[in-house]
Every structure is written in structure tokens, then in C-alpha cells.
Amino acid sequence: MTPIEIGLISVVAIILLIYSGVYIPVALGTVSFISVWLMRDNFDLSLKLLRVSVSEGAMETSFATIPLFTFMGLIVSKAGLGADIYDVMSSGFKRVKGGIGMATVGANAVFAAVTGSSIASASVFSKVSVPQMLAQDYNPRFAVGVVAGSSVLGMIIPPSAMLIIYSIVAEVSVGSMFLAGVIPGIMLAIAYVGAIWFMGKYTPNFVGGRPASDYEWMSPWEIASKTLPTVGIIFVVLGGIYTGWLTAVEAGAAGSAVALLVAISRRTISLRGFWEALLETGHITAAILFLIIAASFYSRMLGMAGLPNQLGDLLSQNEAGFILIMVVYVVMMLFLGTLLDTASIILIVVPLFLPLIEDLNMSLIWFGIVTVVGAEIGLLTPPLGISCFVIKSTLNDDRIKLKDVFLGALPFAFVMLIVLIILIAFPVLSLALLN
């Protein structure tokens, strides 16, 4: 077999192995190792490339952002800031049709800016928001759909683990990726609120709900006490990066320190809770490092096979322009999103398309935002739909089936697709804060 044939077979083999349940880094690493061995008929070369991938993955400076922002997100969750932000948002929207859903989107957007995790958002707001919506007679499908849809904001609004993973794979600045994610994240949140208003006006039966009978405005002191800690953390992290006072790594350290001070001052964390957060940070960091090492090996294997160049030649021979390349890319991500998680999609498709984007002289920062938004649609689509599974397992309510979660999330997946098309058509939206 030629290297190209081996490369093609390896990509298909990786997807099949992951879908069959093999741990993602194991699938990437094993197939890449065997593929290099077959292409060059040299076992020692495979070992050398593996060693290089391990050393470079562990020594990458930007990798230090992962444990720092992971720890910050865990501490913020323990401090109860998600519930506080939701209380403030819901106090301003309760009398609006679909208002609690809008409050959930707003709270998720703010919560995303201090956690960077879709899974954490889905878990927190399943417990906080869904019971309140059900108590106000909202349609259960709408209730869980809002939480599922808005939970993906955690992977777009910085700090986001997926933005960090992309930055390492594409070798671009983590800080630049964070700044690029701000406007698209806000756009998506506003689009969700607009979609909820539209559904409340034109499909009221799908939304359901009734005006809150116990509605009271929060006092300014209550609003300040519930929002200032979160605003402070956001200011330290994103403000530090935007002004250039802090690098992404330093911002992660500063944000973690502030979050820990908030949790201690609120007495919401014990020594045991602190230790558990450290252990979970270690587990998540080790898993992501393993992913990055395997992805680095996979990228080298693809380069050796010449697959990215071959893909570029194929598209250029067919006179494929920017639009066709992006259509192929988005369709591939949407298809893989029904089978794989976001990290897997990024690790598999980004190395294939990066050379094409560079040849088109397009920004790799913009391409990263497009990639993460496109891959995140997969969190809401069956059969995998990780956010939907998290919500179902967190609620543990027999009245709500997994089918209800997927159907409720479908309108929000469609909104994401529209936002994705806008971001592709207008790259300046992702790059405005970098100029």
C-alpha cells in the first residue's frame, strides 16, 4: 500500500475504534504508531516519533493553562457562583414569556466565562434551572432544551478547554484564541435569547410557562453580592489578557487564586473539597495531556503520509474555492459530531485542513473559532450528544426521557448552525478584539 492509502485507512480506523468505545488517545496513538511503521517499514522510527510527541506535548508552555483553568472552574462550581448568577438573571426575566429560559442562557454565558466547561454548565443548570421551569409549567422539552443548548457556551466563551486544545494543535496563541471567542460567544447567547423570544411568540405551546406569582425585584445589595465575585474573576482573567498585563498562563493562575479566595470567604469549600478539586484537576489534566500527545503523533503520521497535501491537491484540481472547502469542512464536522466528542473532532479534522487554510491565507485564529462552534453542535445531536446525556443523568426524572432532551435541544442546534455560517462569512467577528 502507498502512504496515502495507509493514511486514509488510518483515519477511518481511528473513527471506527473511537465509535466502538476505544479510549480516544489509545485509538489515535496506536493507529498512528502502526501506520508509521507500515509506511516506512521501520519500528524504531515509530518509537522515535512517539518519544518526540511525548516530550513536546509535556513541555508545551501553553499546556500549563489547562490545569489552571480547570482548577478555577472546579472551585467556582464549589463556590456556588452559577446558582447566584442564575438568581440574578431570573429576577429580571420572570415576567417575560420564556423568561426563565432567557435567564438560563444569560447565566450560562456568565458561568462559562469562569468555568469553560459545557459539562459543568449542563450539570449545574439541570439542577438549578429545570426544576424552576417545571414548577412554572414550562414544557419539559423546552426546559431541558434550553439548558442543553446554552451549556455549549462553556466551550466557546473563554476560558475554554477546547480553545486551548485547538491552540496547541494549530500552534497559535491561547490568549488570542480566548479573545477571539468573546464576540462569537456573546453572539450565540444573544441568538439563543432571540430564538426563545421567537418561540414564545410564535410557538407558545412548545415553550409553555405562566407568569411568576411570587415575583420580587432583587435589592441592589443582593445583586451586587451575587454578581461581583463572578465579575471580579472575569475581569482578572479576560481583562488581564486583553490589556496585555497577563499571559494566558498567568491569567489562569490569577483567576484560580481569586476563585479560591471567593470560595474561602463564602465558606463553601473545606479542606476535603479543596483536595478533591486538586485530584479532579490532576485527572482531567492527565487525560488532556494524553490526548495532546496522541494528537501530535497523529499529525506527524498524516504529514508523513502526505494526506493533507493530497487533500489540498484534490480540491485545487476541482477548482475548489473557499466556500466549497468550508462546506466540506462543516459537513464533515456535523457528521462526526453525531458520533464523536468535540475533542476527538478537533484532533482528527484540524490537522487535515490546516494546510488548506494556510494556503488560502485565512486566519488560523478565526478557523479555530469556526472549528469549535461547528464541533460543539455535536454536543446537541444524537446519538452521542454528551450535554444531553449529562442533563438526563443529572435530572434523574422519569418524566423526562433522553428523546425529550434531544428534541428540546434541536432548535438550539439549528441556531448554532446559523451563527456558524455568519462567523464563516464574516471572519472579522472573530478577529475584532485582536486588532
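Me: In which helix is the place of Thr230?

Reply: The model is a predicted one. Thr230 has its place in helix H12, which covers residues 220-243.

Me: Is Thr230 buried or exposed?

Reply: Burial is read from relative accessible area, and a residue counts as buried under 20%. Thr230 has a relative accessibility of 1%, so this residue counts as buried. Setting aside residues up to four places away in sequence, Thr230 touches Leu81, Ile85, Val110 and Val114.

Me: How many salt bridges does the structure hold?

Reply: The general idea is that side chains of opposite charge can pair when their charged atoms come close. The structure holds four salt bridges. One of them joins Asp84 and Lys226, with 3.4 Å between the closest N and O atoms. Asp84 belongs to helix H5 (residues 81-93) and Lys226 to helix H12, so the pair ties together parts that lie 142 residues apart in sequence. Asp84 is buried at a relative accessible area of 10%, and Lys226 is also counted as buried, at 18%.

Me: Which salt bridge does Arg141 make?

Reply: The side chain of Arg141 meets that of Asp404 in a salt bridge of 2.7 Å, N to O. Asp404 lies in helix H20 and Arg141 in helix H8, so parts 263 residues apart in sequence are tied together by this pair. Asp404 counts as buried at 12% relative accessibility, whereas Arg141 is partly exposed at 29%.

Me: How far apart in helix H14 are Arg272 and Glu276?

Reply: In general, an α-helix has 3.6 residues a turn, so residues three or four places apart point the same way. Arg272 and Glu276 are four residues apart in helix H14 (residues 271-305), a separation of about one helical turn. The two form a salt bridge whose closest N and O atoms are 3.3 Å apart. Arg272 counts as exposed at 62% relative accessibility, while Glu276 is partly exposed at 34%. Elsewhere, salt bridges with shared partners join Asp84, Lys226 and Arg266 into one network.

Me: How many residues of H8 are buried?

Reply: Ten of the twelve residues are buried, and H8 is mostly covered. Among the buried residues are Phe142, Val144, Val146 and Val147. The buried residues of H8 pack against several helices, including H6 (99-115), H7 (118-135), H10 (174-202) and H20 (402-425).

Me: What follows helix H2?

Reply: Helix H2 (residues 24-40) has 17 residues and reaches 24 Å, close to the 24 Å expected. Just after H2, Asp41 takes a positive phi of about 50°.

Me: Which residues form a nonpolar patch on the surface?

Reply: Ile323, Leu324, Val327, Val328 and Val331 form the patch, and together they have about 430 Å² of accessible area. Val327 is found in helix H16, residues 322-337, and is partly exposed at a relative accessible area of 43%.

Technical notes. Residues numbered from 1 in each chain as written. Predicted model: local features only at pLDDT ≥ 70, side-chain atom pairs only at ≥ 80, totals over all residues. Heavy atoms only, no water. Buried < 20%, exposed > 50% of the residue type's maximum accessible area, 1.4 Å probe, protein only. Helix = DSSP H or I, 4+ residues; strand = E, 2+ residues; numbered from the N terminus. Contact = heavy atoms within 4.5 Å. Patch = residues over 30% accessible without salt bridge, like charges linked within 9 Å, V, L, I, M, F, W, Y side chains within 5 Å. Areas by Shrake-Rupley, 256 points an atom, 1.4 Å probe, with all protein chains shown as cover. Expected span 1.5 Å × (residues − 1).
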